[in-house]
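Trainee: Please pick one residue and give me a close look at its surroundings. After that, I'd like to hear about the rest of the assembly.

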2 protein chains.
Amino acid sequence: MTSDLQRIQSLPTWLIGRVAASGRGMVADAIAAEGLKLMHHAVLAATADYGPVTQADLGRRLAVDPKDMVGILNHLQAKGLVLRAPHPSDGRKNAVTVTPDGAAVLARCAALAEAANAELLAPLTRDEQKQLMALLTRLHEAADTPA
Amino acid sequence: MTSDLQRIQSLPTWLIGRVAASGRGMVADAIAAEGLKLMHHAVLAATADYGPVTQADLGRRLAVDPKDMVGILNHLQAKGLVLRAPHPSDGRKNAVTVTPDGAAVLARCAALAEAANAELLAPLTRDEQKQLMALLTRLHEAADTPA
DNA sequence: CCATATCGTTGGGACATCCAATGAGTTCGG
DNA sequence: CCGAACTCATTGGATGTCCCAACGATATGG
């Protein structure tokens, strides 16, 4: 017979949530060595990618609230990892860029994060890891594209 | 070349986290119809399973902080879904049990939660859903059993 | 020129997660 | 038998995520 708890614990939501929590913890611990939080790392990476980019763009790409983006960028700027310059043609926007220091920290953080992820996926074979990623990607895209 | 952002967003941790967030939202919305949060549902189910159980046990099984367990049980008890009785042989413990009302609510919540999960997994075929669950289960068990 | 919208920012609130500490009670070793 | 160490429930506080609302400054379309 199936118990109530098993019913919940076998629910995809529960399972995904637990795995996500442990993975999040691993990566957070790893990049804490560089003094960054998860979102700081993500914002730094996104900034590195999209060259000079506005805060609103960063928020949309990473699903981060504009309010929180302010705090994250304040922190990154205080550590000298990013720069906020006035946008040349639009007085409302900020053009955020990565400093050389930021690029260096980013490189180290990315390596740490990938190591943590490898550890999380260690129980699976390479093929299984690819399967998992493929399935999750489809769920993610479907959730992003409501209808 | 692989961009920094892609490097992060293709990280299993990121993907799992996003999927977990949307799944959590779906189930939370579904269960809200019964006036319960995710953790309330989980605690109610675990209490139903393990008969009279202590709060510390519940916390360990569901990975919930003792402090939060207090609040959850307060809420469930205020709604008449669970009972806190003094433990017969150990003065420190509470023996938590489910009331008939609690059992009824639990049954409805379980159905709602399963429907929401079905929606989350809708983009996948039945076989793919099983694959995903199997992979996640292995990751979860490995994370629970550190060494 | 004016209505509308966006941008960065500040403020507040709802929740979830985690760590620290306390008083009551239990257990175990000497 | 008694004290040390532990567990239990509870409270307090910190942080992080997400949502909603507002504001002044600025852009844009009609």
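Mentor: Let's settle one term before we zoom in: a residue counts as buried if 20 or more other C-beta atoms lie within 10 Å of its own, exposed if 12 or fewer, and partly exposed in between. Keep in mind, too, that this is a predicted model.

My pick is A:Arg84, which sits in strand E1 (residues 82–86) of chain A. A:Arg84 has 14 C-beta neighbours inside 10 Å, so it goes down as partly exposed. Leaving out residues up to four places away in sequence, A:Arg84 touches A:Leu73, A:Gln77, A:Asn94 and A:Val96. Look at A:Asn74 as well: 10 residues separate it from A:Arg84 in sequence, and their C-alpha atoms are 9.3 Å apart in space.

Now compare another spot in that chain. A:Glu34 is in the loop between H2 and H3 of chain A. With 18 C-beta neighbours inside 10 Å, A:Glu34 is also partly exposed, because that count falls in the in-between range. Once residues up to four places away in sequence are set aside, A:Glu34 touches A:Val105, A:Arg108, A:Cys109 and A:Leu112. With A:Leu112, the sequence gap is 78 residues, while the C-alpha to C-alpha distance is 9.3 Å.

Stepping back, chain A has 7 helices and 2 strands, and along the sequence they run α-α-α-α-α-β-β-α-α. Of its 147 residues, 35% count as buried. Among the contacts in chain A with a separation of 6 or more, 51% are between residues 24 or more positions apart.

Next, the partner chain. Chain A puts 45 residues in contact with 45 residues of chain B. On the chain A side, the elements giving two or more residues are helix H1 (4–9), helix H2 (12–31), helix H3 (38–49), helix H6 (100–120) and helix H7 (126–144). That side is made up of 27 nonpolar, 10 polar and 8 charged residues.

How do the copies relate? Chain A can be laid on chain B with an RMSD of 0.3 Å, using a turn of 178° and a shift of 0.2 Å along the axis. That is what a two-fold axis gives you. Both copies use the same surface, with 100% of the contact residues of chain A recurring in chain B.

H5(B) provides the largest share, 4 residues. By class, the surface near DNA strand D has 9 nonpolar, 4 polar and 9 charged residues.

Notes. Residues numbered from 1 in each chain as written. Chains lettered and ligands numbered in written order. Predicted model: local features only at pLDDT ≥ 70, side-chain atom pairs only at ≥ 80, totals over all residues. Contact = placed C-beta atoms within 7 Å. Nonpolar A, V, L, I, M, F, W, Y, C, P; charged D, E, K, R; others polar. Least-squares fit on C-alpha atoms with pLDDT ≥ 70 in both.
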